[in-house]
Amino acid sequence: MALPLPPNTTCDIYHGPNAPPAAPDIAGEPCHLSARFGEYGSRQGAGDQWRYTHVLAVGPTTDVRDEYDAGDAGTTVPDTVYVPDKDGTPFVVVFVERVGRGTAQDHKRVYLDRKQPTWPTNEL
């Protein structure tokens, strides 16, 4: 896997409607998580369904799914990502895009919306 930055955590991925305490669909996936709340805060008129707070980079073959379906958001159930594992902070997948296809930096960029964590937390 050639992420744009070295992995800084791992994540468990649940394909909807699967959820903890069940086993994740993908467990212990190496990833790079970065906060991007400032980017969202500067966007105007985007609508809540495209709101994101973090961006996750994963390998190009990682099976992670959003709810985007030909512009009709809401017709499928998006994945939920838990960092660093199913007991960590939950994030809803907003959108997935392939970046750097055919290059050494080929990966998926996953836009996430953080769900309410259990406080207090040191996972963020």
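## Two tyrosines inside

Both Tyr52 and Tyr111 are buried, where buried means under 20% relative accessible area, exposed means over 50%, and partly exposed lies in between (1.4 Å probe, protein chains only). Before going further, note that this is a predicted model, in which local features need pLDDT of at least 70 and side-chain atom pairs count only at pLDDT 80 or more, while totals for chains, interfaces and linings use all residues. Residues are numbered from 1 along each chain as its sequence is written, and side-chain values use heavy atoms, with hydrogens and water left out.

## Aromatic rings

A pair of aromatic rings is described by the distance of the centres and the angle of the planes. Here, rings of Phe, Tyr and Trp (its six-membered ring) pair if their centres lie within 6.5 Å; planes under 30 degrees apart count as stacked, over 60 as edge-to-face and the rest as tilted. By this rule there are 3 aromatic pairs, and the table shows two of them.

| Pair | Centre to centre | Angle between planes | Type |
|---|---|---|---|
| Tyr52 and Tyr111 | 5.0 Å | 70 degrees | edge-to-face |
| Phe95 and Tyr111 | 6.5 Å | 45 degrees | tilted |

Helices (H or I, at least four residues) and strands (E, at least two) are DSSP runs, numbered from the N terminus. Phe95, in strand E5 (residues 89–99), is 16 residues from Tyr111. Phe95 counts as partly exposed because its relative accessibility is 27%, while Tyr111 is buried because its relative accessible area is 16%. Together, Tyr52, Phe95 and Tyr111 make one aromatic cluster.

## The chain as a whole

The protein chain has 1 helix and 6 strands, and from the N terminus on its elements run β-β-α-β-β-β-β. Of its 124 residues, 39% count as buried. Contact means heavy atoms within 4.5 Å. Among contacts between residues at least 6 apart in sequence, 55% join residues at least 24 apart.

Ala57 lies in strand E3 and is buried, with a relative accessible area of 9%. Ala57 and Tyr111 are 54 residues apart in sequence and 9.0 Å apart in space, C-alpha to C-alpha. Leaving aside neighbours within four places in sequence, Ala57 touches Leu3, Pro4, Cys31, His32, His107 and Lys108.

A nonpolar core is a set of buried Ala, Val, Leu, Ile, Met, Phe, Trp, Tyr and Cys residues joined through side-chain atoms within 4.5 Å. The largest one has 15 residues, and those with the most contacts inside it include Cys11, Val93 and Leu112. Strand E1 (9–14), strand E2 (26–35), E3, strand E4 (80–83), E5 and E6 each supply at least two residues of this core. A second, separate core of 5 residues includes Trp50, Tyr52, Val55 and Val94.

How many disulfides are there? The count is 0, a disulfide being a pair of cysteine sulfur atoms within 2.5 Å.
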